[in-house]
Protein chains: 2
Amino acid sequence: MVEIRKPIPVAHAVELVMKHAYPLGNEEIPLENAYGRILAEPLLAKHDVPPFDRSPYDGYAIRSEDTDGASGDSRVPFRVIGEIGAGHVADRPINKGEAFRIMTGALIPENANAVVMFEQTVETKDAFTIRKPFSKGENISFKGEDAKDGELLIDAGALIHPGTIALLATFGYAHVNVAKQPVVGILSTGTELLNVDEELVPGKIRNSNGPMIMAQLDRMGIDYKSYGMHADDLDSCAQMVAQAIEETDVLITTGGVSVGDYDHLPLIYERLGAKVLFNKVAMRPGSVTTVAVLDKKLLFGLSGNPSACFTGFELFTRPAILTMMGADKPYMPRMTAELSEDFQKPNPFTRFVRAIWESTPDGVVARPAGFNKSSAVSSIARGNCIIVLPSGTRGFTVGMKVDILLLGAEQGVADWVL
Amino acid sequence: MVEIRKPIPVAHAVELVMKHAYPLGNEEIPLENAYGRILAEPLLAKHDVPPFDRSPYDGYAIRSEDTDGASGDSRVPFRVIGEIGAGHVADRPINKGEAFRIMTGALIPENANAVVMFEQTVETKDAFTIRKPFSKGENISFKGEDAKDGELLIDAGALIHPGTIALLATFGYAHVNVAKQPVVGILSTGTELLNVDEELVPGKIRNSNGPMIMAQLDRMGIDYKSYGMHADDLDSCAQMVAQAIEETDVLITTGGVSVGDYDHLPLIYERLGAKVLFNKVAMRPGSVTTVAVLDKKLLFGLSGNPSACFTGFELFTRPAILTMMGADKPYMPRMTAELSEDFQKPNPFTRFVRAIWESTPDGVVARPAGFNKSSAVSSIARGNCIIVLPSGTRGFTVGMKVDILLLGAEQGVADWVL
């Protein structure tokens, strides 16, 4: 008799997975390796930025009070007493009628309180004139105007992107305290599987899920160990799963989670004493997606169908890994788009349709990426988003507004609301 | 006398750069290294997908004609003559009243033309009954329904993402023909610069642009050589630039492109015989961005101001590198968002404002990420997009629709239209 499984809503499945995504602790790494990691502590300004009043232009540092009354008819002259390149400091203060030639980024000399741009002067040797008054502070980048000493700039849990790196460098973080990343194991199951370099024979197909998941992890910058492919043999598969769990923080298997005679993962989870969080999700593709927990490690039993496998990874595995890495925004960003194709048949399960979003003069339009079955592989190679069609008793027609989830986006959102 | 430079529009500057982004040829790489690379040849289906008629479910393969007249009152019985697991093939055809037990993904046996799911049967030992007729082809995944032998699936020039990897694996591409990637040199100039691990002293700041650009290249998966930091000394700088050009395909320098006394890059380009494409762009930040070409190599003279440097890289360097890599969609994706803050002062230059986009019930809203000057570093550490405010004689107010460019997105668009 076939086992009857009770499907749970996607949001509930996400919640269950996230409850068991345990952080792995922190580590210090060199700044140059920090791109894509998650800040383990808040980034506080260690000093004012800029650290001193400085010139935002190439020009002359002057006292604004010396410019009073300047006009086209009555140009005010200044005497240049020296030059300050960026990285240098003036050797003395300026006095009435004096100016330092000053370069962008250089420290404003004592007594100066305005900068005249070269373009605003008529220059002669060691002197220049101006034709307008300058106010106090004009053309000066003030100490602390960008960030104040001690200010909280970025919260812990934020992804470190190139801009974050710039800020970390500014404050001298040669090493950064980041959350540890999991090592993920990948094991493809199925007697029908051939290696990528093998010739097709009747009844067999090449393993596309293994390489795909490696690329999904590459995209996230996550290390993995591949445990190759295994035929549907219970004992050897169970042994390999047990070994993989020993050696990794998260295990992803593909295939073996349906109700067929050789779908051994449920039995393997039972043998190992893993707690199954769910084995049926009200979604298409990927309804057989099964997630279990053993010794605080998540075991993702993804479908052997490529579309289902891809979707299961992006919906469940990716946010779980990001949460283990300490991310506060682990979910794919979403937006609203206009549907460009009918999906008239209602479905009791939430559908996730691989699609291409584009900005048009009428707004964002989402177009399905092609053949749309859980076994599809061609459509997952196209497109940049997933259309979400909620479960229910009605279909969807061209022009309706639907939610889309963006794939391959660096930054995420904090909540799963679909 | 200060040199007067003529600003060119951003779109023109982009066009000039892209004209000089020369592809570097192709290479074969292992599939497992192909994520993020660009397909150098079209991806054609090497065989049908699926390669044979197969079962999409766990159930029984039958002849549909044997189900005629089945109903709840008149259940039709079948005799199970064997089992076909995925990866196996039936040892004989089926005849009238016979069925093979069949697993998801397995090849449909000869004479069978429909699959009955387990849930649709009442099973006894070696037999089952059904209560409804099945049509020919019901519950069968047909050979070639996903892709046909010889079909063009993905064009050359496409980014290889995880879905592409799945498709390449399906067709046995153990090696992939991809466009070569450039090696990029990075050289930070400025006497004011300290290394990340150095203590601040008056007039000096730490080098944030170098590490930031490394991370911008990391994000693209591009290799680089760092040439460190150089004080504003013409001769030594010129020598280092010449060496870097020898050793790399693209050179990025930061600083030294304005009109100050120690802005040596223009003179270095002249000495080396490089052709300057432009040295002033009608944009803020980054108006001093200078791009030159020498021996078919692009030399990006980015501003030393962090915000300007960041923006110059994303607008010019990134699409140029992607084009050298063969990408047909090198530009940041864009969409329309509602502005959440006033920018009332008109500007003769196009402004690029670092911002955060969010999906709200009222649509996409873009909120500036903070302190907005070309020298800013705090704001580039926040946010996920750039708001584009066109040049002109009027300002922008809350609620207006503006274009935004998405940062850190895997996929791009083919045209620069702003």
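In which sense do strand 18 and strand 19 of chain A pair, and over how many bridges? The structure is a predicted model in which local features need pLDDT of at least 70 and side-chain atom pairs count only at pLDDT 80 or more, while totals for chains, interfaces and linings use all residues. Residues are numbered from 1 along each chain as its sequence is written, chains are lettered from A and ligands numbered from 1 in the order in which they are written, and side-chain values use heavy atoms, with hydrogens and water left out.

**View 1. Strand 18 and strand 19 of chain A form an antiparallel pair.** Five bridges join strand 18 (residues 290–294) to strand 19 (residues 297–302) in chain A. Across this pair, Ala292(A) stands opposite Leu299(A) of strand 19. Two strands are said to pair if DSSP finds at least two bridges between them. Strands (E, at least two residues) and helices (H or I, at least four residues) are DSSP runs, numbered from the N terminus. Strands of a sheet pair through backbone hydrogen bonds, either parallel or antiparallel.

**View 2. An open sheet of six strands in chain A has mixed pairing.** The strand order is 14-11-15-19-18-16. At the edges are strand 14 (224–230) and strand 16 (275–278) of chain A, each of which pairs on one side only. From one strand to the next, the twist averages 20°. Helix 4 (residues 234–247) of chain A lies across strand 11 (184–189), strand 14, strand 15 (250–254), strand 18 and strand 19, and runs at about 180° to strand 14 of chain A. Contact means heavy atoms within 4.5 Å. Axes are lines fitted to C-alpha atoms, for helices over the stretch in contact, and angles run from 0 to 180 degrees between N-to-C directions.

**View 3. Chain B contains an open sheet of six strands in the order 6-3-5-4-8-7, with mixed pairing.** Strand 6 (114–117) and strand 7 (121–124) of chain B each have a single partner strand, so one side of each is left without a neighbour in the sheet. Direction ignored, neighbouring strands of this sheet are turned by 35° against each other on average. Strand 7 and strand 8 (residues 127–130) of chain B run antiparallel and are joined by four bridges. Glu123(B) has Phe128(B) in strand 8 as its bridge partner.

**View 4. The largest cavity has a volume of about 100 Å³.** On a 1 Å grid over the protein atoms alone, a cavity is a set of points where a 1.4 Å probe fits but cannot get out, and lining residues have an atom within 4 Å of a point. Grid points are joined across faces, edges and corners, and a volume is the space filled by probe spheres set on the points. Of the 15 lining residues, the closest to the centre are Ser307(B), Phe352(B), Val353(B), Arg354(B) and Asn372(B). Domain 1 (10–25 + 180–324) and domain 4 (334–406) of chain B both give residues to this lining, so the largest cavity lies between them. Domain bounds come from an automatic or database domain assignment.

**View 5. The second largest cavity has a volume of about 70 Å³.** Among its 13 lining residues, Pro285(A), Ser307(A), Thr311(A), Phe352(A) and Arg354(A) are the closest to the centre. Helix 6 (306–324) and strand 21 (350–360) of chain A each give two or more residues to the lining. Domain 1 and domain 4 of chain A both contribute to this lining, so the second largest cavity lies between them.

Methods. On a 1 Å grid over the protein atoms alone, a cavity is a set of points where a 1.4 Å probe fits but cannot get out, and a pocket is an open set with protein on both sides within 12 Å along at least five of seven lines; lining residues have an atom within 4 Å of a point.
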